[in-house]
Amino acid sequence: MNLAILLRFKSARIPPYDGSQDPDAHLEAFKIEMLFNGITGPIKARIFATTLIGQEMAWITRLPRNSIDSFEELARTFHLNFATSKAHLMPAYALGRIRQKENESLRKYLDRFKDAALKVRDLTEPVHLHLIISGLDGDSPLAKSIYKNPINDLEEFQQRSDKYIDVEDMQKAYGETRGRSPNRRSPSKKNKDRDQRGSKKGNDSHDKRSDLQGPSMTLTHH
């Protein structure tokens, strides 16, 4: 606590920790920030306290007096206390269960896949590329494009998928501008159906009247 903080250092430029993030990820981000600023030694423990907010800041103030004598000790205590918030990693094969749903946009599918991929440790590019392509709807324009012209790496996949996402966005915007969805029937179709129903109703009414009147009779005068 007696060490002075460098005047040129203002504050850590990392998102504050509120208990909902992975504590280990927060620690790593903090260490990189300190390394970038050339800050070493116990002073890091004091700076680390400024990256906590809410109940997490209250936690550090409740630590027993003189219980922390180094940043390493504080980091270990922090990890143990918030271990339940640690993100659970999943194996790469779990990504194989992520499939593009029927009528799901390409953008939404890729966002779901990318969020899941962040939870996989040591995911190699070939496996990543194979799984993300395998999860595409086989009838989608992008999948058909890849079948015809295979993709070699994730960068190429990103470039091509961006083009198809742009097309989807334009089609959606055009449909909203026109004020109708693909499933909505055209006015001419509606009018045609209405006319057919009206014609049928008229015929039914005529038939009913005919039934009520009974068969026509012809009178013959002698």
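**Entry 1: one residue to start with.** I looked up what Ile-133 touches, leaving out residues up to four places away in sequence, and got Ile-146 and Phe-157. Contact here means heavy atoms within 4.5 Å. Before going on, I noted that this is a predicted model, where local features need pLDDT of at least 70, side-chain atom pairs count only at pLDDT 80 or more, and totals for chains, interfaces and linings use all residues. I also noted that residues are numbered from 1 along each chain as its sequence is written, and that side-chain values use heavy atoms, with hydrogens and water left out.

Ile-133 sits in helix α6, residues 125-134. Helices (H or I, at least four residues) and strands (E, at least two) are DSSP runs, numbered from the N terminus. Is Ile-133 buried or exposed? I found a relative accessible area of 18%, so Ile-133 is buried. The cut-offs are under 20% relative accessible area for buried, over 50% for exposed and partly exposed in between, with a 1.4 Å probe and protein chains only. I also checked Arg-99: it is 34 residues from Ile-133 in sequence, and the two are 9.5 Å apart in space, C-alpha to C-alpha.

**Entry 2: the cores.** Next I went for the largest nonpolar core, which has 20 residues. Such a core is a set of buried Ala, Val, Leu, Ile, Met, Phe, Trp, Tyr and Cys residues joined through side-chain atoms within 4.5 Å. Those with the most contacts inside this core are Leu-95, Tyr-109, Phe-113, Leu-136 and Phe-157. Which elements give two or more residues to this core? I listed α5 (106-117), α6, α7 (141-148) and α8 (154-178). The largest share, six residues, comes from α5.

I then looked at Leu-95; not counting residues up to four places away in sequence, its contacts include Met-90, Phe-113, Val-120 and Leu-131. There is also a second, separate core of 19 residues, and Tyr-17, Phe-30, Leu-52 and Phe-71 are among them.

Entry 3: The axes of α5 and α6 come within 11 Å and cross at roughly 145 degrees. Axes are lines fitted to C-alpha atoms, for helices over the stretch in contact, and angles run from 0 to 180 degrees between N-to-C directions. I wrote down the contact: Tyr-109, Leu-110, Phe-113 and Ala-117 of α5 with His-128, Leu-131 and Ile-132 of α6.

For α1 and α4, the axes come within 10 Å and cross at roughly 155 degrees. That makes α1 roughly antiparallel to α4 (under 35 degrees is roughly parallel, over 145 roughly antiparallel, 65 to 115 roughly perpendicular and the rest oblique). On the α4 side, the contact is made by Phe-71, Ala-75, Phe-78 and His-79.

**Entry 4: rings.** I counted ten aromatic pairs. Rings of Phe, Tyr and Trp (its six-membered ring) pair if their centres lie within 6.5 Å; planes under 30 degrees apart are stacked, over 60 edge-to-face and the rest tilted. Phe-30 and Phe-71 have ring centres 5.5 Å apart and planes at 35 degrees, so the pair is tilted. Phe-30 lies in α1 (residues 23-37) and Phe-71 in α4 (residues 71-81), so the pair ties together parts 41 residues apart in sequence. Phe-30 is buried at 0% relative accessibility, and Phe-71 is buried at 3%.

Phe-71 also pairs edge-to-face with Phe-48, at 6.1 Å centre to centre and 70 degrees between the planes.
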